[in-house]
Amino acid sequence: MSFLKAFSTAAGSASAVLKATAVQKCAFATIAETIPKAVSPFSPHVQAFLRDFNTSEPVSIVNLDRGVFNAPLRRDILHRVVVWQRDGMRQGTQSTKGRADVRGSSKKAAPQKGRGKARMGSLRAPHIRGGGIAFGPKPRDHSTDLPRKVQELGLRVALSTKYAQDQLIVVQSLQEYTSPKSRELAQLIDQAYGEPTLLVVLNDCNPSLELAARNIPRCEVIHVEDTNVLDLLTYDKVIIEQSAVETLESVLAETV
């Protein structure tokens with residue numbers, strides 16, 4: 001009987017412990033529901049100075065999309081995109097003449113037998129001097145394929161690289177520049193930005209700026225829809241106006 005009493009007493013204490021644990025879990029769940037959810041420690045934006053194009057002086061601070069301008073730096077993606085771009089830039093117009101294209105007689109050069117020498121046929125054969133080229137290059141398309149997602153990822157990585165290296169300059173607007181003279185634009189670049197090679201990205205057309213930059217070898221002006229990885233990596237600094245940044249963010253923003 002004493003054993004049974006001890007067993008029942010232990011069972012009762014165990015059930016009491018389980019009930020207390022259940023009550024604690026319910027209380028913890030209630031408290032957890034009332035606590036607000038933690039905010040992500042990473043902001044969805046990174047910041048950059050918004051500068052004046054004529055003086056390169058900071059005017060304010062602008063927010064940039066973290067997914068577009070602070071993506072992980074991946075050299076393999078940049079390499080794939082640059083190779084794909086340069087493949088598409090190849091002209092593919094080189095051409096050589098085969099034995100059927102070379103001018104000359106098709107008469108047999110020497111008798112088949114009786115000379116004590118090797119047989120000899122057409123003088124346009126590849127092993128004859130002045131003959132055709134065997135398996136020479138012909139005009140063809142050198143372009144290759146690359147998935148669209150890899151192309152967009154390459155642009156994000158290239159823009160993020162420029163931002164990380166402090167080579168991305170965001171300006172208020174490039175539409176206020178009205179001088180078509182290359183000398184004035186070159187002086188402005190020397191005074192405000194030093195002497196690096198510059199890539200200027202426009203959101204809207206500015207004929208004066210494009211005309212002025214045409215005669216400056218170290219400066220190129222492109223539209224935002226023509227932004228590409230090869231140009232971004234070729235030039236030392238990238239000057240992009242704020243509206244072009246918004247356009248890039250709307251196109252390259254990652255969708256969850």
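Modeller: Phe 53, Leu 185, Ile 189, Leu 198, Val 200, Leu 209, Cys 219 and Ile 239 form the lining of the largest cavity. Keep in mind that this is a predicted model. Sort those lining residues by class and you get 8 nonpolar, no polar and no charged. Two elements, helix H5 (182-193) and strand E4 (198-202), each supply at least two residues of that lining. The volume of this cavity is about 30 Å³, and the structure holds 1 cavity of 30 Å³ or more.

The largest pocket holds about 340 Å³ of space. It has 17 lining residues, and the closest to its centre are Arg 148, Leu 155, Glu 225, Thr 227 and Leu 252. Three helices each give at least two residues to this lining: H3 (75-89), H4 (148-164) and H8 (242-252).

The crossing of H3 past H4 is left-handed. On the H3 side, the residues in contact are Ile 77, Leu 78, Arg 80, Val 81 and Trp 84. They meet Val 150, Gln 151, Leu 153, Gly 154, Val 157, Ala 158 and Thr 161 of H4. Count that contact by class and you have 8 nonpolar, 3 polar and 1 charged residues.

Of its 13 lining residues, Ala 48, Phe 49, Arg 51, Asp 166 and Leu 168 are the closest to the centre. Strand E1 (45-51), H4 and strand E3 (168-171) are the elements that give two or more residues to this lining. Which of the elements gives the largest share? That is E1, with 4 residues. By class, the lining of the second largest pocket has 7 nonpolar, 2 polar and 4 charged residues.

Let's stay with Asp 166 for a moment. You'll find Asp 166 in the loop between H4 and E3. Its backbone is worth a look: the phi of Asp 166 is near 60°, a positive value in a residue other than glycine. Is Asp 166 buried or exposed? The relative accessible area of Asp 166 is 64%, and the cut-off for exposed is over 50%, so Asp 166 counts as exposed.

Ser 56 sits in the loop between E1 and strand E2 (58-65). Here the accessibility tells another story: Ser 56 counts as buried because its relative accessibility is 13%, and buried means under 20%.

Start at the cavity, where the lining includes Phe 53 and Ile 239. Go on to the largest pocket, with Arg 148 among the residues closest to its centre. Finish at the second largest pocket, where Asp 166 is one of the residues closest to the centre.

How values were computed: Residues are numbered from 1 along each chain as its sequence is written. This is a predicted model: local features need pLDDT of at least 70, side-chain atom pairs count only at pLDDT 80 or more; totals for chains, interfaces and linings use all residues. Side-chain values use heavy atoms; hydrogens and water are left out. On a 1 Å grid over the protein atoms alone, a cavity is a set of points where a 1.4 Å probe fits but cannot get out, and a pocket is an open set with protein on both sides within 12 Å along at least five of seven lines; lining residues have an atom within 4 Å of a point. Grid points are joined across faces, edges and corners, and a volume is the space filled by probe spheres set on the points. Ala, Val, Leu, Ile, Met, Phe, Trp, Tyr, Cys and Pro count as nonpolar, Asp, Glu, Lys and Arg as charged, and the others, Gly among them, as polar. Buried means under 20% relative accessible area, exposed over 50%, partly exposed in between (1.4 Å probe, protein chains only). A crossing is left-handed if the near helix is turned anticlockwise from the far one by less than a right angle, and right-handed if clockwise. Contact means heavy atoms within 4.5 Å.
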